[in-house]
Amino acid sequence: MLPTTSVSSRSQGNGVLSPRDAARHTAGAKRYKYLRRLFHFRQMDFEFALWQMLYLFTSPQRVYRNFHYRKQTKDQWARDDPAFLVLLSIWLCVSTVGFGFVLDMGFFETIKLLLWVVFIDCVGVGLLIATLMWFISNKYLVKQQNRDYDVEWGYAFDVHLNAFYPLLVILHFIQLFFINYVIISDSVIGYFVGNTLWLIAIGYYIYVTFLGYSALPFLKNTAILLYPFALLIVLYLISLACGWNFTKMLCSFYKYRVK
């Protein structure tokens with residue numbers, strides 16, 4: 001197991017952090033540093049962010065090993081470089097414009113859909129999920145003997161972003177090539193292909209989220225984060241039996257949003 005750094009290991013001889021270290025390691029200081037770098041593109045490592053995006057599909061465990069190294073070298077689990085968030089935002093904007101084109105939306109309708117998807121679906125829901133997982137993990141998953149450790153909110157948000165990226169690519173990019181000609185047709189093949197893509201996308205989200213929290217050595221019982229797989233498979237089978245077309249429902253919802 002990779003070594004971790006606790007609060008006590010960075011303390012002075014009397015067990016109290018020096019004022020300089022305490023100020024540098026507060027959540028507010030880390031957040032300020034992250035937001036400040038958001039406006040300095042030359043300081044962002046986009047090549048490394050692209051590497052992470054690739055491996056989130058092929059080997060997500062390698063991505064979380066990097067979080068271990070960051071903890072060792074910078075004393076924080078969460079990203080300190082917003083390059084991944086910037087690239088994810090670009091992916092989201094491009095794919096949403098593609099959705100507007102496929103659904104034959106006008107310019108202003110597409111812009112309205114883009115604002116909804118970015119600020120509500122991605123940012124709003126992301127903040128809600130990250131906060132919920134941050135609370136649950138710190139309340140119920142932290143080992144009793146390691147109360148000096150806690151899950152950073154920024155790390156919980158990073159885990160959500162990591163899990164959201166494959167879902168975004170599958171549902172907002174790959175799916176676009178099949179919507180008009182296969183998925184939204186009233187055939188068995190249509191809702192089978194569409195619902196299967198949803199199964200894969202949400203399955204990726206659950207699995208990458210599980211990897212994110214299981215990578216933290218001070219958490220226990222993280223396997224419970226895989227339990228939603230059972231509900232997902234049951235819902236998938238019911239949808240096929242009943243002829244529900246999740247993609248068709250999503251398209252109708254998107255059109256309703258921009259009216």
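Predicted model: local features only at pLDDT ≥ 70, side-chain atom pairs only at ≥ 80, totals over all residues.
Residues are numbered from 1 along each chain as its sequence is written, and side-chain values use heavy atoms, with hydrogens and water left out. Local features need pLDDT of at least 70 and side-chain atom pairs count only at pLDDT 80 or more, while totals for chains, interfaces and linings use all residues.

An unreviewed UniProt entry carries the annotation "transmembrane region" for several stretches, including 83-102 and 163-184; such annotations may be inferred rather than shown by experiment. Residues 83-102 come out as 100% helix and 0% strand, with end C-alpha atoms 29 Å apart. For residues 163-184 the figures are 68% helix, 0% strand and 26 Å. Helices here are DSSP runs (H or I, at least four residues), and strands are runs of E with at least two.

Next up is the second largest pocket, with a volume of about 420 Å³. Of its 18 lining residues, Asp121, Val125, Phe164, Leu167 and Leu171 are the closest to the centre. (On a 1 Å grid over the protein atoms alone, a pocket is an open set of points where a 1.4 Å probe fits, with protein on both sides within 12 Å along at least five of seven lines; lining residues have an atom within 4 Å of a point. The volume is the space filled by probe spheres set on the points, which are joined across faces, edges and corners.) Helix H7 (153-172) is one of the helices that supply at least two lining residues, and H7 gives the largest share, six.

As for cysteines, the structure holds zero disulfides (pairs of cysteine sulfur atoms within 2.5 Å).
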